[in-house]
Amino acid sequence: MGHWFSRNIVEPGKLPMLLALTSFVLTFLVTRTVVRLIRAGKGPFRNVSSGGLHIHHVVPGVVLTVLGGFGAVASDRHGVGACVFAVLFGVGAGLVLDEFALILHLDDVYWTDQGRKSVEVVVLTAALMGLTLSGFSPLGVDDMTADERQDRGTFILTLVVNFLFVLIALVKGKFRMAVLGTLIPFVAIVGAVRLARPGSWWSRRFYKSRHKARARSRIRTYRHDKRWTKVRRRLQDLIGGFQERVPGRGSTPS
């Protein structure tokens with residue numbers, strides 16, 4: 001195990017990324033636990049305020065992210081300094097993305113349905129970091145052989161084709177598939193060839209006079225959301241605690 005860790009993590013310079021991912025996930029889980037205890041009125045934890053102003057944890061998160069990011073850029077991938085800055089960045093990113101919905105809406109929507117975006121973004125970020133750590137490279141470059149990488153034309157063509165699939169999936173409203181397609185080759189092609197989601201740029205641009213395509217798009221989106229929304233919400237409830245009962249508030253998030 002030690003030999004594998006040294007050969008696959010330490011020697012390629014992936015230890016800072018591993019520490020950043022670990023600290024990111026642990027910070028998010030600890031933060032959610034503390035916030036849930038505060039909301040339920042349990043434990044010694046309380047909201048931090050200064051002069052009547054509630055200080056959200058995104059504030060120290062931004063500071064730590066800036067320190068860790070600049071420190072990581074200024075340091076090498078090997079050494080104690082890189083590891084320390086990686087941990088700082090991971091902790092800061094965990095605090096910031098836990099309140100991603102607050103930043104997006106510029107409102108305290110932490111316990112509302114809009115607040116679920118924070119959990120979704122954190123899970124997606126952790127998954128992408130895990131894929132990158134395990135060896136995936138953007139736009140499928142890792143799948144190319146040494147000879148293909150030496151062939152500049154093949155290299156550029158692979159990048160362009162994968163990027164086009166990602167771009168089409170994105171404008172069709174398939175955000176998750178587009179993001180995963182940047183790391184896993186040709187995943188985005190599924191979103192690129194299927195009908196666009198209603199309200200997306202592609203739907204407004206190309207389905208304007210195609211009534212059947214718009215109708216099929218709505219039906220497919222409805223069936224897809226009906227199938228997966230419940231699963232996604234249950235996972236978000238489990239991680240984020242949106243449906244936990246709070247004294248005096250019933251089971252409705254506040």
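Colleague: How many aromatic pairs does the count come to here?

Modeller: The count comes to four aromatic pairs. Rings of Phe, Tyr and Trp (its six-membered ring) pair if their centres lie within 6.5 Å; planes under 30 degrees apart count as stacked, over 60 as edge-to-face and the rest as tilted. One of them joins tyrosine 110 and tryptophan 111, an edge-to-face pair at 5.1 Å centre to centre with 80 degrees between the planes.

Colleague: Before we go on, what sort of model is this?

Modeller: This is a predicted model, where local features need pLDDT of at least 70, side-chain atom pairs count only at pLDDT 80 or more, and totals for chains, interfaces and linings use all residues. Residues are numbered from 1 along each chain as its sequence is written, and side-chain values use heavy atoms, with hydrogens and water left out.

Colleague: Back to the rings, then. Why is the pair of tryptophan 111 and phenylalanine 242 edge-to-face?

Modeller: Their ring centres are 6.0 Å apart and their planes stand at 75 degrees, so that pair counts as edge-to-face. It links distant parts of the chain, 131 residues apart: tryptophan 111 is in the loop between helix H5 (100–105) and helix H6 (116–133), and phenylalanine 242 is in the segment after helix H12 (211–240). Helices here are DSSP runs (H or I, at least four residues), as are strands (E, at least two), numbered from the N terminus. Ring pairs link Tyr110, Trp111 and Phe242 into a cluster.

Colleague: Are tryptophan 111 and phenylalanine 242 buried or exposed?

Modeller: Both tryptophan 111 and phenylalanine 242 are buried, and tyrosine 110 is buried as well. Buried means under 20% relative accessible area, exposed over 50%, and partly exposed in between (1.4 Å probe, protein chains only).

Colleague: Which residue lies over the face of tryptophan 111?

Modeller: That's arginine 39, at 4.3 Å from the ring centre. A charge sits over a ring if NZ of Lys or CZ of Arg is within 6 Å of the ring centre and within 35 degrees of the ring normal. Arginine 205 lies over the face of phenylalanine 206 too, at 5.2 Å from the ring centre.

Colleague: New topic: where does threonine 31 lie, and why does it count as buried?

Modeller: Threonine 31 lies in helix H2 (residues 15–40). Its relative accessibility is 9%, so it counts as buried. Leaving aside neighbours within four places in sequence, threonine 31 is in contact (heavy atoms within 4.5 Å) with His57, Leu95 and Asp98.

Colleague: And helix H3, which residues are buried there?

Modeller: In H3, the residues Val58, Gly61, Gly68 and Gly71 are buried. Seen down the helix axis, the buried residues fall within an arc of 155 degrees (taken from the directions from the axis to the C-beta atoms), so they line one face of H3. The face turned away from that buried side carries the exposed residues Phe70, Val73 and Ala74.

Colleague: What covers the buried residues of H3?

Modeller: The cover includes helix H4 (80–98) and H5.

Colleague: What do the buried residues of H6 pack against?

Modeller: They pack against H2, H4, H5, helix H9 (175–181) and H12. Among the buried residues of H6 are Arg116, Val119, Leu124 and Leu131.

Colleague: Last one: how many helices and strands are in the protein?

Modeller: There are twelve helices and two strands. Buried residues make up 30% of the 254 residues.
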